[in-house]
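Work through the exercises below with the sequence and the structure side by side. Try each task before reading its solution.

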Amino acid sequence: MLPNRTVRETKETKMISHLNVENLEIRYNVNAAEPAITGVNLEIKQGEFVTVIGPSGCGKSTLLHAMGGMLSPSSGGIYLDGIEMARPDPRQAAFVFQDYSLFPWKKVVDNVAMGLRFAGEDKKVALEKARAELGFVGLADKADKYPGELSGGMQQRVAVARALALKPKFLLMDEPFGALDEQTRRSLGQELTQILHDAGQSVVLITHSLEEAIFWADRIVVMKAGPGEISKEIVVDEPWPRSLEFMTTARFDDLRAELFHRIQPTTASEAK
Amino acid sequence: MRPSTSAGPRRTIVWSLRILFVVVVFGGWILANATGSISPIILPQLGAVLSESIELLRESEVWAAAGITVFEMIAGFGIAAVAGLLVGFVLSRKPLRSAIFEKLLAWGYIFPISLVYPLFLIWAGVGLPSKILFAAASAFFPIAYNTMKGLSAVPVRYLKVGQAFGASAQATDWHIRAGASRPMILSGLRLGVSMATVSVVLAEMLGANAGLGFMAQQASSQFQIPKAYAVVLILVVITSLLLWLMETLLRDPNEKLKK
(Lines give C-alpha, C1' and ligand atoms only; values in the text may rest on other atoms or scores of the structure.)
Protein backbone atom coordinates (compact mmCIF):
# COMPACT_ATOMS: atom_id res chain seq x y z
CA MET A 1 0.00 0.00 0.00
CA LEU A 2 1.11 3.54 -0.64
CA PRO A 3 1.73 5.99 2.21
CA ASN A 4 -0.86 8.63 3.08
CA ARG A 5 -0.54 11.70 0.97
CA THR A 6 -1.40 15.31 1.40
CA VAL A 7 -4.02 16.97 -0.71
CA ARG A 8 -2.40 18.45 -3.78
CA GLU A 9 -2.50 22.01 -4.97
CA THR A 10 -5.27 21.33 -7.43
CA LYS A 11 -7.81 20.83 -4.69
CA GLU A 12 -6.78 24.09 -3.08
CA THR A 13 -7.06 26.11 -6.24
CA LYS A 14 -9.74 28.69 -5.72
CA MET A 15 -10.89 29.14 -9.30
CA ILE A 16 -12.77 26.16 -10.63
CA SER A 17 -11.71 25.30 -14.17
CA HIS A 18 -14.02 23.96 -16.80
CA LEU A 19 -13.17 21.93 -19.85
CA ASN A 20 -15.89 22.42 -22.42
CA VAL A 21 -16.39 20.38 -25.54
CA GLU A 22 -18.77 22.25 -27.80
CA ASN A 23 -20.52 20.64 -30.74
CA LEU A 24 -17.29 18.84 -31.64
CA GLU A 25 -16.88 17.02 -34.91
CA ILE A 26 -13.70 15.31 -36.05
CA ARG A 27 -13.09 13.87 -39.49
CA TYR A 28 -9.83 12.12 -40.21
CA ASN A 29 -10.53 12.37 -43.91
CA VAL A 30 -12.60 15.11 -45.50
CA ASN A 31 -13.99 12.57 -48.00
CA ALA A 32 -14.98 10.05 -45.32
CA ALA A 33 -18.63 9.02 -45.39
CA GLU A 34 -19.06 9.85 -41.73
CA PRO A 35 -17.02 11.65 -39.10
CA ALA A 36 -15.12 9.85 -36.34
CA ILE A 37 -17.15 11.80 -33.79
CA THR A 38 -19.89 14.36 -34.22
CA GLY A 39 -22.13 16.61 -32.17
CA VAL A 40 -20.19 16.00 -28.96
CA ASN A 41 -21.05 18.39 -26.13
CA LEU A 42 -19.49 17.85 -22.74
CA GLU A 43 -18.57 19.94 -19.74
CA ILE A 44 -16.08 18.71 -17.16
CA LYS A 45 -15.50 20.62 -13.94
CA GLN A 46 -12.23 20.70 -12.08
CA GLY A 47 -12.09 17.90 -9.53
CA GLU A 48 -14.46 15.64 -11.45
CA PHE A 49 -13.53 12.06 -12.31
CA VAL A 50 -15.18 11.24 -15.61
CA THR A 51 -14.96 7.87 -17.33
CA VAL A 52 -15.74 7.41 -21.01
CA ILE A 53 -16.97 4.05 -22.23
CA GLY A 54 -18.33 2.76 -25.50
CA PRO A 55 -17.90 0.08 -28.14
CA SER A 56 -14.68 -0.16 -30.14
CA GLY A 57 -14.46 2.48 -32.85
CA CYS A 58 -16.92 4.86 -31.21
CA GLY A 59 -14.31 7.61 -31.01
CA LYS A 60 -13.37 7.54 -27.33
CA SER A 61 -9.65 8.01 -28.01
CA THR A 62 -10.41 10.56 -30.72
CA LEU A 63 -12.41 12.59 -28.22
CA LEU A 64 -9.63 12.35 -25.62
CA HIS A 65 -6.92 13.36 -28.10
CA ALA A 66 -9.02 16.31 -29.21
CA MET A 67 -9.55 17.35 -25.57
CA GLY A 68 -5.77 17.40 -25.16
CA GLY A 69 -5.23 19.53 -28.26
CA MET A 70 -3.66 16.70 -30.24
CA LEU A 71 -6.38 16.68 -32.89
CA SER A 72 -7.87 19.72 -34.57
CA PRO A 73 -11.67 19.85 -34.66
CA SER A 74 -13.31 19.73 -38.07
CA SER A 75 -16.02 21.84 -36.48
CA GLY A 76 -16.92 22.93 -32.99
CA GLY A 77 -14.21 23.34 -30.40
CA ILE A 78 -12.59 22.52 -27.06
CA TYR A 79 -12.34 25.30 -24.50
CA LEU A 80 -10.54 25.39 -21.20
CA ASP A 81 -11.82 28.22 -19.05
CA GLY A 82 -13.12 29.80 -22.22
CA ILE A 83 -9.81 29.62 -24.08
CA GLU A 84 -9.65 27.34 -27.10
CA MET A 85 -7.29 24.35 -26.78
CA ALA A 86 -5.62 24.79 -30.16
CA ARG A 87 -2.52 22.74 -29.34
CA PRO A 88 -1.30 20.41 -26.60
CA ASP A 89 -0.57 22.21 -23.34
CA PRO A 90 0.39 19.67 -20.67
CA ARG A 91 0.02 22.23 -17.88
CA GLN A 92 -3.65 22.39 -18.80
CA ALA A 93 -4.31 18.79 -19.87
CA ALA A 94 -1.69 16.05 -19.60
CA PHE A 95 -1.87 12.57 -21.08
CA VAL A 96 -1.31 9.08 -19.69
CA PHE A 97 -1.17 6.53 -22.50
CA GLN A 98 -2.10 2.85 -22.45
CA ASP A 99 1.37 1.63 -23.42
CA TYR A 100 3.09 3.89 -20.83
CA SER A 101 5.35 5.23 -23.60
CA LEU A 102 8.24 5.77 -21.23
CA PHE A 103 11.61 6.39 -22.83
CA PRO A 104 13.62 3.22 -22.13
CA TRP A 105 16.93 5.02 -22.65
CA LYS A 106 16.26 7.42 -19.79
CA LYS A 107 16.13 6.74 -16.08
CA VAL A 108 12.75 6.81 -14.37
CA VAL A 109 13.42 10.21 -12.80
CA ASP A 110 14.48 11.64 -16.16
CA ASN A 111 11.31 10.27 -17.74
CA VAL A 112 9.21 12.09 -15.17
CA ALA A 113 11.28 15.26 -15.49
CA MET A 114 11.00 15.15 -19.27
CA GLY A 115 7.52 16.67 -19.41
CA LEU A 116 8.70 19.53 -17.23
CA ARG A 117 11.81 20.02 -19.34
CA PHE A 118 9.71 20.11 -22.50
CA ALA A 119 7.58 22.75 -20.80
CA GLY A 120 10.71 24.87 -20.28
CA GLU A 121 11.50 24.03 -16.64
CA ASP A 122 15.11 24.30 -15.45
CA LYS A 123 16.79 20.87 -15.36
CA LYS A 124 17.61 20.91 -11.64
CA VAL A 125 14.16 22.08 -10.64
CA ALA A 126 12.57 19.54 -13.00
CA LEU A 127 14.52 16.69 -11.41
CA GLU A 128 13.57 17.81 -7.90
CA LYS A 129 9.91 17.96 -8.85
CA ALA A 130 10.17 14.60 -10.61
CA ARG A 131 11.55 12.94 -7.47
CA ALA A 132 8.77 14.47 -5.39
CA GLU A 133 6.18 13.20 -7.87
CA LEU A 134 7.68 9.72 -7.82
CA GLY A 135 7.28 9.79 -4.06
CA PHE A 136 3.66 10.72 -4.58
CA VAL A 137 3.02 7.55 -6.60
CA GLY A 138 5.10 5.41 -4.23
CA LEU A 139 8.16 4.98 -6.45
CA ALA A 140 10.73 7.21 -4.76
CA ASP A 141 13.15 4.29 -4.48
CA LYS A 142 12.92 3.53 -8.21
CA ALA A 143 13.95 6.99 -9.42
CA ASP A 144 17.37 5.91 -10.64
CA LYS A 145 16.24 2.69 -12.31
CA TYR A 146 15.51 2.35 -15.99
CA PRO A 147 11.90 1.65 -17.07
CA GLY A 148 12.88 -1.82 -18.29
CA GLU A 149 13.73 -2.72 -14.70
CA LEU A 150 10.19 -2.02 -13.50
CA SER A 151 7.00 -4.07 -13.70
CA GLY A 152 4.16 -2.96 -15.99
CA GLY A 153 2.22 -1.57 -13.04
CA MET A 154 5.21 0.45 -11.85
CA GLN A 155 5.82 1.76 -15.35
CA GLN A 156 2.25 2.98 -15.53
CA ARG A 157 2.70 4.75 -12.18
CA VAL A 158 5.76 6.46 -13.65
CA ALA A 159 3.65 7.56 -16.62
CA VAL A 160 1.07 8.97 -14.19
CA ALA A 161 3.82 10.75 -12.25
CA ARG A 162 5.16 12.21 -15.51
CA ALA A 163 1.77 13.71 -16.24
CA LEU A 164 1.09 14.85 -12.66
CA ALA A 165 4.50 16.53 -12.37
CA LEU A 166 3.16 19.30 -14.57
CA LYS A 167 0.27 19.89 -12.14
CA PRO A 168 -2.22 19.75 -15.00
CA LYS A 169 -5.74 20.99 -14.51
CA PHE A 170 -7.00 17.89 -16.29
CA LEU A 171 -5.49 14.44 -16.55
CA LEU A 172 -6.42 12.58 -19.72
CA MET A 173 -5.96 8.82 -19.37
CA ASP A 174 -6.35 6.58 -22.42
CA GLU A 175 -7.03 3.06 -21.11
CA PRO A 176 -4.12 3.42 -18.70
CA PHE A 177 -4.47 -0.03 -17.21
CA GLY A 178 -5.34 -1.88 -20.42
CA ALA A 179 -1.92 -3.49 -20.77
CA LEU A 180 -1.86 -4.88 -17.24
CA ASP A 181 -3.01 -8.25 -15.95
CA GLU A 182 -6.38 -8.40 -14.23
CA GLN A 183 -5.07 -8.46 -10.68
CA THR A 184 -2.60 -5.60 -11.13
CA ARG A 185 -5.17 -3.70 -13.12
CA ARG A 186 -7.68 -3.85 -10.28
CA SER A 187 -5.30 -3.13 -7.41
CA LEU A 188 -3.31 -0.41 -9.17
CA GLY A 189 -6.44 1.10 -10.64
CA GLN A 190 -8.14 1.30 -7.26
CA GLU A 191 -5.04 2.70 -5.61
CA LEU A 192 -4.26 5.33 -8.23
CA THR A 193 -7.81 6.48 -8.75
CA GLN A 194 -8.25 6.88 -5.01
CA ILE A 195 -5.06 8.96 -4.86
CA LEU A 196 -6.20 11.10 -7.76
CA HIS A 197 -9.63 11.52 -6.23
CA ASP A 198 -8.21 12.43 -2.83
CA ALA A 199 -5.95 14.97 -4.52
CA GLY A 200 -8.89 16.56 -6.28
CA GLN A 201 -7.29 15.87 -9.64
CA SER A 202 -9.69 16.25 -12.57
CA VAL A 203 -9.54 13.12 -14.67
CA VAL A 204 -11.03 11.96 -17.95
CA LEU A 205 -10.39 8.24 -18.25
CA ILE A 206 -11.19 5.97 -21.16
CA THR A 207 -11.88 2.35 -20.40
CA HIS A 208 -13.37 -0.76 -21.91
CA SER A 209 -14.23 -2.18 -18.52
CA LEU A 210 -17.76 -1.67 -17.22
CA GLU A 211 -16.60 -2.16 -13.62
CA GLU A 212 -13.83 0.41 -13.95
CA ALA A 213 -16.14 2.87 -15.64
CA ILE A 214 -18.60 2.68 -12.73
CA PHE A 215 -16.30 2.19 -9.78
CA TRP A 216 -13.98 5.11 -10.48
CA ALA A 217 -16.39 7.66 -11.89
CA ASP A 218 -18.23 10.65 -10.57
CA ARG A 219 -19.83 10.63 -14.00
CA ILE A 220 -19.86 8.12 -16.84
CA VAL A 221 -19.98 9.30 -20.45
CA VAL A 222 -21.37 6.58 -22.70
CA MET A 223 -20.58 6.77 -26.39
CA LYS A 224 -22.03 4.98 -29.38
CA ALA A 225 -20.45 4.25 -32.72
CA GLY A 226 -21.30 5.07 -36.32
CA PRO A 227 -20.69 8.01 -36.04
CA GLY A 228 -19.22 8.47 -32.58
CA GLU A 229 -21.60 10.37 -30.35
CA ILE A 230 -22.39 10.67 -26.67
CA SER A 231 -25.49 8.60 -26.03
CA LYS A 232 -25.86 9.04 -22.28
CA GLU A 233 -24.25 10.59 -19.21
CA ILE A 234 -24.72 8.81 -15.91
CA VAL A 235 -23.88 10.30 -12.52
CA VAL A 236 -22.42 7.85 -9.99
CA ASP A 237 -23.36 9.35 -6.64
CA GLU A 238 -21.53 6.82 -4.47
CA PRO A 239 -19.45 8.74 -1.91
CA TRP A 240 -15.65 8.55 -1.73
CA PRO A 241 -13.61 6.76 -0.56
CA ARG A 242 -15.18 3.75 -2.23
CA SER A 243 -14.56 0.26 -1.00
CA LEU A 244 -14.76 -2.89 -3.09
CA GLU A 245 -18.08 -3.58 -1.32
CA PHE A 246 -19.60 -1.02 -3.68
CA MET A 247 -19.17 -3.58 -6.45
CA THR A 248 -21.50 -5.97 -4.66
CA THR A 249 -24.38 -3.51 -4.27
CA ALA A 250 -27.63 -3.53 -6.24
CA ARG A 251 -26.90 0.04 -7.41
CA PHE A 252 -23.64 -1.16 -8.97
CA ASP A 253 -25.42 -4.07 -10.65
CA ASP A 254 -28.07 -1.75 -12.06
CA LEU A 255 -25.44 0.61 -13.45
CA ARG A 256 -23.51 -2.29 -14.88
CA ALA A 257 -26.61 -3.68 -16.58
CA GLU A 258 -27.48 -0.29 -18.01
CA LEU A 259 -23.97 0.23 -19.39
CA PHE A 260 -23.89 -3.28 -20.77
CA HIS A 261 -27.05 -2.70 -22.79
CA ARG A 262 -26.00 0.77 -23.89
CA ILE A 263 -22.66 -0.24 -25.35
CA GLN A 264 -23.97 -3.24 -27.28
CA PRO A 265 -23.92 -2.59 -31.05
CA THR A 266 -27.47 -2.01 -32.25
CA THR A 267 -26.85 -1.91 -36.00
CA ALA A 268 -24.79 -3.94 -38.44
CA SER A 269 -22.48 -0.96 -39.10
CA GLU A 270 -21.80 -0.55 -35.40
CA ALA A 271 -21.13 -4.26 -35.07
CA LYS A 272 -18.44 -3.91 -37.71
CA MET B 1 7.66 -7.36 -17.35
CA ARG B 2 11.00 -7.38 -15.72
CA PRO B 3 14.12 -7.99 -17.77
CA SER B 4 15.94 -11.23 -17.25
CA THR B 5 18.53 -10.94 -14.52
CA SER B 6 20.72 -13.48 -16.28
CA ALA B 7 23.34 -11.76 -18.39
CA GLY B 8 23.95 -14.81 -20.56
CA PRO B 9 26.89 -17.16 -20.05
CA ARG B 10 29.10 -16.38 -17.08
CA ARG B 11 31.98 -14.02 -17.76
CA THR B 12 34.53 -16.54 -16.49
CA ILE B 13 33.21 -19.22 -18.86
CA VAL B 14 33.40 -16.82 -21.80
CA TRP B 15 36.95 -15.81 -20.98
CA SER B 16 38.01 -19.43 -20.36
CA LEU B 17 36.67 -20.42 -23.76
CA ARG B 18 38.37 -17.44 -25.42
CA ILE B 19 41.71 -18.42 -23.87
CA LEU B 20 41.10 -22.03 -24.89
CA PHE B 21 40.51 -20.87 -28.46
CA VAL B 22 43.83 -18.99 -28.50
CA VAL B 23 45.59 -22.03 -27.01
CA VAL B 24 44.08 -24.28 -29.71
CA VAL B 25 45.14 -21.91 -32.51
CA PHE B 26 48.71 -21.55 -31.25
CA GLY B 27 48.85 -25.25 -30.32
CA GLY B 28 47.81 -26.15 -33.88
CA TRP B 29 50.43 -23.74 -35.19
CA ILE B 30 53.19 -25.35 -33.08
CA LEU B 31 52.00 -28.82 -34.11
CA ALA B 32 52.04 -27.88 -37.79
CA ASN B 33 55.59 -26.50 -37.38
CA ALA B 34 56.74 -29.65 -35.57
CA THR B 35 55.29 -32.12 -38.08
CA GLY B 36 56.34 -30.03 -41.08
CA SER B 37 52.91 -30.54 -42.60
CA ILE B 38 52.69 -26.88 -43.70
CA SER B 39 55.48 -25.15 -45.60
CA PRO B 40 57.34 -22.45 -43.54
CA ILE B 41 56.73 -20.07 -46.43
CA ILE B 42 53.04 -20.34 -45.61
CA LEU B 43 53.32 -20.82 -41.87
CA PRO B 44 56.67 -19.85 -40.33
CA GLN B 45 57.91 -21.10 -36.95
CA LEU B 46 55.88 -19.52 -34.14
CA GLY B 47 59.07 -18.90 -32.19
CA ALA B 48 60.59 -17.06 -35.14
CA VAL B 49 57.50 -14.88 -35.46
CA LEU B 50 57.52 -14.02 -31.75
CA SER B 51 61.22 -13.20 -31.68
CA GLU B 52 60.78 -11.12 -34.84
CA SER B 53 57.93 -9.27 -33.12
CA ILE B 54 60.11 -8.48 -30.12
CA GLU B 55 62.87 -7.30 -32.44
CA LEU B 56 60.46 -5.08 -34.34
CA LEU B 57 59.13 -3.51 -31.16
CA ARG B 58 62.69 -2.40 -30.34
CA GLU B 59 62.92 -0.52 -33.64
CA SER B 60 61.70 3.07 -33.86
CA GLU B 61 60.74 2.41 -37.48
CA VAL B 62 57.86 0.16 -36.47
CA TRP B 63 56.56 2.63 -33.89
CA ALA B 64 56.60 5.37 -36.52
CA ALA B 65 54.72 3.09 -38.92
CA ALA B 66 52.23 2.18 -36.19
CA GLY B 67 51.71 5.87 -35.43
CA ILE B 68 50.93 6.57 -39.08
CA THR B 69 48.51 3.65 -39.29
CA VAL B 70 46.69 4.58 -36.08
CA PHE B 71 46.48 8.23 -37.13
CA GLU B 72 45.01 7.22 -40.50
CA MET B 73 42.46 4.98 -38.78
CA ILE B 74 41.37 7.64 -36.29
CA ALA B 75 41.32 10.46 -38.84
CA GLY B 76 39.40 8.33 -41.36
CA PHE B 77 36.87 7.25 -38.78
CA GLY B 78 36.52 10.79 -37.39
CA ILE B 79 35.72 12.24 -40.81
CA ALA B 80 33.30 9.39 -41.54
CA ALA B 81 31.57 9.78 -38.18
CA VAL B 82 31.01 13.53 -38.54
CA ALA B 83 29.92 13.28 -42.18
CA GLY B 84 27.85 10.12 -41.67
CA LEU B 85 25.96 11.45 -38.65
CA LEU B 86 25.31 14.75 -40.37
CA VAL B 87 24.16 13.22 -43.66
CA GLY B 88 22.06 10.59 -41.88
CA PHE B 89 20.40 13.29 -39.79
CA VAL B 90 19.68 15.56 -42.77
CA LEU B 91 18.30 12.70 -44.87
CA SER B 92 16.08 11.47 -42.05
CA ARG B 93 14.29 14.83 -41.78
CA LYS B 94 12.14 14.27 -44.88
CA PRO B 95 10.63 10.95 -45.98
CA LEU B 96 11.24 11.87 -49.63
CA ARG B 97 14.95 12.39 -49.00
CA SER B 98 15.18 9.09 -47.11
CA ALA B 99 13.39 7.29 -49.93
CA ILE B 100 15.70 8.78 -52.57
CA PHE B 101 18.99 8.13 -50.81
CA GLU B 102 18.29 4.95 -48.84
CA LYS B 103 19.18 2.63 -51.74
CA LEU B 104 22.30 4.64 -52.54
CA LEU B 105 23.55 4.42 -48.97
CA ALA B 106 22.69 0.70 -48.81
CA TRP B 107 24.58 0.19 -52.05
CA GLY B 108 27.60 2.06 -50.69
CA TYR B 109 27.34 -0.09 -47.59
CA ILE B 110 27.86 -3.34 -49.51
CA PHE B 111 29.95 -2.11 -52.45
CA PRO B 112 33.57 -3.40 -52.30
CA ILE B 113 35.05 0.07 -52.21
CA SER B 114 38.59 -1.32 -52.46
CA LEU B 115 37.90 -1.72 -56.19
CA VAL B 116 38.10 2.03 -56.58
CA TYR B 117 41.12 2.53 -54.33
CA PRO B 118 43.33 3.34 -57.35
CA LEU B 119 41.14 6.38 -57.90
CA PHE B 120 41.93 7.58 -54.38
CA LEU B 121 45.63 7.22 -55.21
CA ILE B 122 45.14 9.32 -58.33
CA TRP B 123 43.16 11.97 -56.45
CA ALA B 124 45.27 12.21 -53.31
CA GLY B 125 48.59 10.49 -53.98
CA VAL B 126 50.25 7.64 -52.13
CA GLY B 127 50.67 9.56 -48.85
CA LEU B 128 48.41 9.86 -45.83
CA PRO B 129 45.50 11.74 -47.46
CA SER B 130 44.54 8.89 -49.79
CA LYS B 131 44.46 6.38 -46.89
CA ILE B 132 42.45 8.71 -44.69
CA LEU B 133 39.98 9.48 -47.46
CA PHE B 134 39.66 5.81 -48.37
CA ALA B 135 39.03 4.84 -44.74
CA ALA B 136 36.54 7.69 -44.38
CA ALA B 137 34.69 6.65 -47.54
CA SER B 138 34.50 3.03 -46.35
CA ALA B 139 33.24 3.93 -42.88
CA PHE B 140 30.87 6.68 -44.05
CA PHE B 141 28.17 4.45 -45.55
CA PRO B 142 27.32 2.23 -42.56
CA ILE B 143 27.31 5.28 -40.28
CA ALA B 144 25.12 7.40 -42.57
CA TYR B 145 22.79 4.51 -43.40
CA ASN B 146 22.27 3.44 -39.80
CA THR B 147 21.82 7.02 -38.64
CA MET B 148 19.22 7.71 -41.31
CA LYS B 149 17.37 4.44 -40.69
CA GLY B 150 17.51 4.84 -36.92
CA LEU B 151 16.23 8.40 -36.95
CA SER B 152 13.51 7.55 -39.49
CA ALA B 153 12.23 4.57 -37.54
CA VAL B 154 11.54 6.19 -34.17
CA PRO B 155 8.37 4.56 -32.78
CA VAL B 156 5.36 6.83 -33.16
CA ARG B 157 4.43 6.38 -29.50
CA TYR B 158 7.57 8.23 -28.40
CA LEU B 159 6.90 11.08 -30.81
CA LYS B 160 3.32 11.19 -29.55
CA VAL B 161 4.60 11.70 -26.01
CA GLY B 162 6.73 14.58 -27.26
CA GLN B 163 3.71 16.11 -28.99
CA ALA B 164 1.46 15.62 -25.96
CA PHE B 165 4.00 17.18 -23.63
CA GLY B 166 4.66 20.13 -25.92
CA ALA B 167 8.24 19.27 -26.96
CA SER B 168 9.82 21.71 -29.41
CA ALA B 169 11.32 20.43 -32.67
CA GLN B 170 14.81 20.66 -31.17
CA ALA B 171 13.77 18.89 -27.97
CA THR B 172 12.11 16.17 -30.03
CA ASP B 173 15.30 15.69 -32.05
CA TRP B 174 17.64 15.70 -29.07
CA HIS B 175 15.65 13.94 -26.36
CA ILE B 176 13.43 11.59 -28.36
CA ARG B 177 14.77 10.88 -31.85
CA ALA B 178 18.42 10.71 -30.80
CA GLY B 179 17.60 8.58 -27.76
CA ALA B 180 15.32 6.15 -29.56
CA SER B 181 17.73 5.69 -32.46
CA ARG B 182 20.87 5.48 -30.33
CA PRO B 183 21.29 1.68 -30.57
CA MET B 184 21.16 1.80 -34.36
CA ILE B 185 23.47 4.82 -34.59
CA LEU B 186 25.97 3.18 -32.22
CA SER B 187 25.79 0.03 -34.30
CA GLY B 188 26.65 2.09 -37.40
CA LEU B 189 29.56 3.73 -35.60
CA ARG B 190 30.90 0.36 -34.47
CA LEU B 191 30.72 -0.92 -38.05
CA GLY B 192 32.42 2.29 -39.15
CA VAL B 193 35.33 1.68 -36.78
CA SER B 194 35.82 -1.80 -38.22
CA MET B 195 35.58 -0.56 -41.79
CA ALA B 196 38.07 2.25 -41.14
CA THR B 197 40.68 -0.03 -39.59
CA VAL B 198 40.38 -2.69 -42.30
CA SER B 199 40.46 -0.06 -45.06
CA VAL B 200 43.59 1.65 -43.75
CA VAL B 201 45.54 -1.63 -43.62
CA LEU B 202 44.24 -2.67 -47.01
CA ALA B 203 45.11 0.72 -48.51
CA GLU B 204 48.62 0.57 -47.05
CA MET B 205 49.11 -2.85 -48.60
CA LEU B 206 47.70 -1.89 -52.00
CA GLY B 207 49.64 1.34 -52.49
CA ALA B 208 51.50 3.33 -49.89
CA ASN B 209 54.94 4.37 -48.71
CA ALA B 210 54.45 4.14 -44.96
CA GLY B 211 52.44 2.39 -42.26
CA LEU B 212 52.20 -1.12 -40.86
CA GLY B 213 50.26 -2.45 -43.86
CA PHE B 214 53.01 -1.18 -46.14
CA MET B 215 55.63 -2.81 -43.86
CA ALA B 216 53.78 -6.16 -43.91
CA GLN B 217 53.45 -6.02 -47.67
CA GLN B 218 57.16 -5.19 -48.07
CA ALA B 219 58.22 -8.06 -45.81
CA SER B 220 55.95 -10.50 -47.58
CA SER B 221 57.15 -9.49 -51.07
CA GLN B 222 60.75 -10.01 -49.89
CA PHE B 223 59.85 -13.45 -48.50
CA GLN B 224 60.58 -12.27 -44.93
CA ILE B 225 57.64 -14.36 -43.82
CA PRO B 226 58.29 -14.28 -40.03
CA LYS B 227 58.59 -10.47 -40.23
CA ALA B 228 55.35 -10.24 -42.23
CA TYR B 229 53.60 -12.35 -39.61
CA ALA B 230 55.12 -10.26 -36.83
CA VAL B 231 53.79 -7.04 -38.38
CA VAL B 232 50.36 -8.65 -38.73
CA LEU B 233 50.53 -9.68 -35.08
CA ILE B 234 51.31 -6.08 -34.06
CA LEU B 235 48.43 -4.91 -36.26
CA VAL B 236 46.09 -7.38 -34.59
CA VAL B 237 47.05 -6.01 -31.17
CA ILE B 238 46.66 -2.38 -32.27
CA THR B 239 43.31 -2.87 -34.00
CA SER B 240 42.02 -4.93 -31.06
CA LEU B 241 42.96 -2.10 -28.68
CA LEU B 242 41.34 0.47 -30.95
CA LEU B 243 38.15 -1.56 -31.28
CA TRP B 244 38.04 -2.14 -27.53
CA LEU B 245 38.49 1.58 -26.93
CA MET B 246 35.73 2.47 -29.37
CA GLU B 247 33.42 -0.22 -27.97
CA THR B 248 33.96 1.25 -24.51
CA LEU B 249 33.34 4.81 -25.67
CA LEU B 250 30.29 3.86 -27.73
CA ARG B 251 28.72 1.52 -25.21
CA ASP B 252 25.05 2.15 -24.50
CA PRO B 253 24.71 2.07 -20.69
CA ASN B 254 21.11 0.92 -20.91
CA GLU B 255 21.57 -1.61 -23.73
CA LYS B 256 20.60 -4.70 -21.79
CA LEU B 257 17.53 -3.12 -20.24
CA LYS B 258 15.86 -1.63 -23.25
CA LYS B 259 12.73 -3.15 -24.71
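Helices, of at least four residues, and strands, of at least two, are DSSP runs numbered from the N terminus. The model used in these exercises is predicted.

**Exercise 1. Describe the fold of chain B.**

Task: State which pattern chain B follows along the sequence, and how many helices and strands its secondary structure has.

Solution. 
Step 1. Reading along the sequence of chain B gives α-α-α-α-α-α-α-α-α-α.
Step 2. The secondary structure of chain B amounts to 10 helices and zero strands.
Step 3. For the extent of chain B, take the principal axes: the C-alpha atoms fill a box of roughly 70 × 50 × 30 Å.
Step 4. Chain B is divided into domain 1, residues 1-38, and domain 2, residues 42-258. The centres of these two domains of chain B, taken over C-alpha atoms, are separated by 26 Å.

**Exercise 2. Examine the two domains of chain A.**

Task: Say how chain A is divided, and describe the interface between its domains.

Solution. 
Step 1. Domain 1 of chain A takes two stretches, 41-92 and 169-264, while domain 2 of chain A is residues 100-167. The C-alpha centres of the two domains are 24 Å apart.
Step 2. In the contact, 17 residues of domain 1 of chain A meet 14 residues of domain 2 of chain A.
Step 3. About 1,200 Å² is buried between these domains of chain A, and carbon and sulfur atoms give 68% of that area.
Step 4. Two salt bridges are found across the interface of domain 1 and domain 2 of chain A. Glu121(A) and Arg91(A) form a salt bridge, with their closest N and O atoms 3.5 Å apart.
Step 5. The interface of domain 1 and domain 2 of chain A also has two residue pairs in polar contact, both at pLDDT 80 or more.
Step 6. On the domain 1 side, β7 (170-174) and α6 (182-198) of chain A are the elements that give two or more residues. The most comes from α6(A), with six residues.
Step 7. By type, the residues on the domain 1 side of chain A are 12 nonpolar, two polar and three charged.

**Exercise 3. Examine the contact between the chains.**

Solution. 
Step 1. Chain A brings 28 residues and chain B brings 24 residues.
Step 2. The area buried between chain A and chain B is about 2,300 Å², with 67% from carbon and sulfur atoms.
Step 3. Between chain A and chain B there are zero salt bridges, but two residue pairs are in polar contact, both at pLDDT 80 or more.
Step 4. On the side of chain A that touches chain B, α3 (108-118) and α5 (152-164) of chain A each supply at least two residues. The most comes from α5(A), with five residues.
Step 5. The residues on this side of chain A divide into 16 nonpolar, seven polar and five charged.

Note on methods
Residues are numbered from 1 along each chain as its sequence is written. Chains are lettered from A and ligands numbered from 1 in the order in which they are written. This is a predicted model: local features need pLDDT of at least 70, side-chain atom pairs count only at pLDDT 80 or more; totals for chains, interfaces and linings use all residues. Side-chain values use heavy atoms; hydrogens and water are left out. Domain bounds come from an automatic or database domain assignment. Contact means heavy atoms within 4.5 Å. Buried area is the accessible area (1.4 Å probe) that two parts lose on being put together, summed over both. A salt bridge is a side-chain nitrogen of Lys or Arg within 4 Å of a carboxyl oxygen of Asp or Glu. A polar contact is a pair of N or O atoms within 3.5 Å; within protein, one must be able to donate a hydrogen and the other to accept it, and residues adjacent in sequence count only if both atoms are side-chain atoms. Ala, Val, Leu, Ile, Met, Phe, Trp, Tyr, Cys and Pro count as nonpolar, Asp, Glu, Lys and Arg as charged, and the others, Gly among them, as polar.
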